[in-house]
Amino acid sequence: MPSNATAALDRTSAGAAPAPGTTAEDADGLSRGFGTWAAKLKEETGEGKVLGDHAAVDRWAAAVGRWLVDAIRLADIPSLRCALEAFQSAGMRLQPGGHTMRLEAVVMALAEVAQSALDRAEQAALADDLDPKSWAARMLVLVHREPHITSSDVGSRLGAHEAQISRSGKTLMERGLVVKTRLGRSKGWYATPRGEAVATQLAERENE
């Protein structure tokens, strides 16, 4: 049966397209690097084994750190997602305290870095995917600037028909960028934290 690391590697190398700006050579290099450190982590957090020696932990962490820098620089979402899965899986196998304390702390810290980088890469990908001049992008920026704005007001501000606002709102909700909630007797739009980040990027690009 394949290990978690091997399964994640398969998804990185074959199950997803390289991130924008990532060459095939870059993707292959990240996959090989992931296979090396993730397999080591899987092995050393198995039964009876652990990277307990401080020097060994530090060498392993340094190698993973270099890999993470490359994955972050390339905004490689599939690789970052697989890395996060590997860290989280290892964290569940480690017992707190004792001789595993150093490795546990390193793994949890790396998981935080991977999660942050993944969130940022996904936000950038969403911003890249939205045409800044599209109705959806313009609606998102407006909702971000004016929380609880109604669909009617969105249509008036943008000069769009109700059907267009409905389609744009559905697109944004499906991507987790906005929500529609009731406040008193009226329903209004709000940007989610991810939507706020994407709206900020879109507004900055519009001003460039």
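Which residues do ring pairs link into a cluster? Ring pairs join Phe34, Trp37, Trp60, Trp67 and Phe87. The legends below take this cluster and other parts in turn.

This is a predicted model, in which local features need pLDDT of at least 70, side-chain atom pairs count only at pLDDT 80 or more, and totals for chains, interfaces and linings use all residues. Residues are numbered from 1 along each chain as its sequence is written, and side-chain values use heavy atoms, with hydrogens and water left out.

**View 1. The whole protein has nine helices and two strands.** Helices (H or I, at least four residues) and strands (E, at least two) are DSSP runs, numbered from the N terminus. From that end, the elements run α-α-α-α-α-α-α-α-β-β-α. Of the 208 residues, 40% are buried; buried means under 20% relative accessible area, exposed over 50%, and partly exposed in between (1.4 Å probe, protein chains only). Contacts (heavy atoms within 4.5 Å) can be sorted by separation in sequence. Among those with a separation of 6 or more, 67% join residues 24 or more positions apart.

**View 2. Phe34 and Trp67 form a tilted aromatic pair.** A search of the whole structure finds five aromatic pairs. Rings of Phe, Tyr and Trp (its six-membered ring) pair if their centres lie within 6.5 Å; planes under 30 degrees apart count as stacked, over 60 as edge-to-face and the rest as tilted. For Phe34 and Trp67, the values are 6.0 Å centre to centre and 45° between the planes. Phe34 sits in helix H2 (residues 24–44) and Trp67 in helix H3 (residues 54–73), so the pair ties together parts that are 33 residues apart in sequence. Both Phe34 and Trp67 are buried.

**View 3. Trp37 and Phe87 form a stacked aromatic pair.** Their centres are 5.0 Å apart, with 15° between the planes. Trp37 belongs to helix H2 and Phe87 to helix H4 (residues 77–93), so this pair ties together parts that are 50 residues apart in sequence. How buried is Phe87? Its relative accessible area is 0%. Trp37 is buried too, with a value of 4%.

**View 4. Strands E1 and E2 pair in the antiparallel sense.** Two strands pair if DSSP finds at least two bridges between them. Here E1 (residues 178–183) and E2 (residues 186–191) share six bridges. Val178 has Ala191 in E2 as its bridge partner. The hairpin has two residues between the strands, and Gly184 takes a positive phi near 70°.
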